[in-house]
Amino acid sequence: MEDKKILFLIGSSEIGGTEKMVLSIVENIKKFGFCPVVVGLRGKGEFLKVLESKNIKFHVVNLKKNPLSFIKLLKILKKERVDILQSFLYAGNIIGRISGKLVGIPVVVSGQRSTDDWRRWYHWKIDLFTLKWCDAIISNSYAGKKVLMEKGIPAEKIYVIPNGIEVGKQFRKIKKEEIGINENDPVVGCVGNLRKPKGHIYLIKSAARILKIYPETKFVILGKGKLERYLKKEVKRRTLDKNFFFLGFVPEPEKIMNIFDIFVLPSLWEGFPVSLLEAMSLKKAIVATQVGDIPLIIRDGEEGILVSPYDQESLASAIITLLKDEKLRKKMGEKAYEKVKNYTVGKMVERYAVFYNKLLNLQRGNSGVK
């Protein structure tokens, strides 16, 4: 039987949690009888460079710079003759629904990746209006599903598939000295694109209190984004330059995360964060905010410590608690490692494949999707 063609449409070009999951799906879904191809809607950034290095078929359009490239997108969709179009992120979802309708793609699926607190009323209006051109929405979190339902999207149209990672992944472990940190200095690390939802500013605001007690603490931030200049400026304004290390985008973040004593995720809103799973797989002690599905992944006081978003004082207190107690850090890290075994790439991709087949069967007039 000929493989079913599936096209992944993504509205970003850099690498964050969503892009990592798309890459995992594309690399593993072939074993389930699907032939994948990727289309990026924002030009050729780091994400598409990674696809190229792995010999994964992709196309590039840049709708932001040239809206007329939408015509190019339609031509690509017609040429590829796909059975399923799976889109991700808000812009990708809307464009995927419209283009899928125009081209006549049999199954169109949207991807909900967060709770999208940034959306204005008109974003939801457009979402609801185009919903009729979408067969299903796959949310990576129950928090995301809840938000969609609150906005009027029927529960039966939303299917939850949590993110998954490769547990036990092999990588080169670096030493603290390789990035200019003394071996005995405690390291507090954060991984995520430098955007408002990730809450980096609250980690910066919490640093002064932490440094009063542990002045040798170093803060390592992995990721890049439009807030980079602002965050660096805030660090300098607070005279924290010697304690903060902005390392930008790192293709294999685990090799840097390996030196973290504490992993911090100060997000203001989330879905199902990939960086959290990566930290758990490395047995790191965790401080995270109580947003999205994080409380379902991390139990407060067990696999880590949970705090309220926007609260730098609670964030500082939690970090200080873990810096004081090495045994507690180790205990929480071990529990986190056991928990993350529930969230593997294999389980995630199999669930995607099963759901895609159900949608195809439904489209062909067979049994419905539950």
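Select strand S11 (residues 262-265) and strand S12 (residues 285-289): they run parallel, joined by 4 bridges. Helices (H or I, at least four residues) and strands (E, at least two) are DSSP runs, numbered from the N terminus. Leucine 265 stands opposite alanine 288 in S12.

This is a predicted model, in which local features need pLDDT of at least 70, side-chain atom pairs count only at pLDDT 80 or more, and totals for chains, interfaces and linings use all residues. Residues are numbered from 1 along each chain as its sequence is written, and side-chain values use heavy atoms, with hydrogens and water left out.

**The whole sheet**

Now show the 6 strands of the open sheet, in the order S10-S9-S8-S11-S12-S13. The pairing is parallel; two strands pair if DSSP finds at least two bridges between them. At the edges sit S10 and strand S13 (305-307), each pairing on one side only. From one strand to the next, the twist averages 20°. Axes here are lines fitted to C-alpha atoms, for helices over the stretch in contact, and angles run from 0 to 180 degrees between N-to-C directions.

Go to S9 (residues 218-222).

Pick valine 188: its bridge partner in S9 is phenylalanine 219. Then trace the chain from S8 through helix H7 (residues 200-213) to S9, a right-handed β-α-β crossover. Right-handed means that, with the strands pointing away from the viewer, the path from the first strand over the helix to the second runs clockwise.

Next, strand S10 (residues 244-248). Here 4 bridges join S10 to S9, again in parallel. Valine 220 has phenylalanine 245 as its bridge partner in S10. The chain passes from S9 through helix H8 (residues 228-237) to S10, and this β-α-β crossover is right-handed.

**Helix H14**

Finish at H14 (residues 345-363). Its 19 residues reach 27 Å from first C-alpha to last, close to the 27 Å expected at 1.5 Å a residue; the expected span is 1.5 Å times one less than the number of residues. Display its buried residues, among them Val345, Met348, Val349, Tyr352 and Tyr356. An α-helix has 3.6 residues a turn, so residues three or four places apart point the same way. After H14 comes glycine 365, with a positive phi near 95°.

Notes
Buried means under 20% relative accessible area, exposed over 50%, partly exposed in between (1.4 Å probe, protein chains only).
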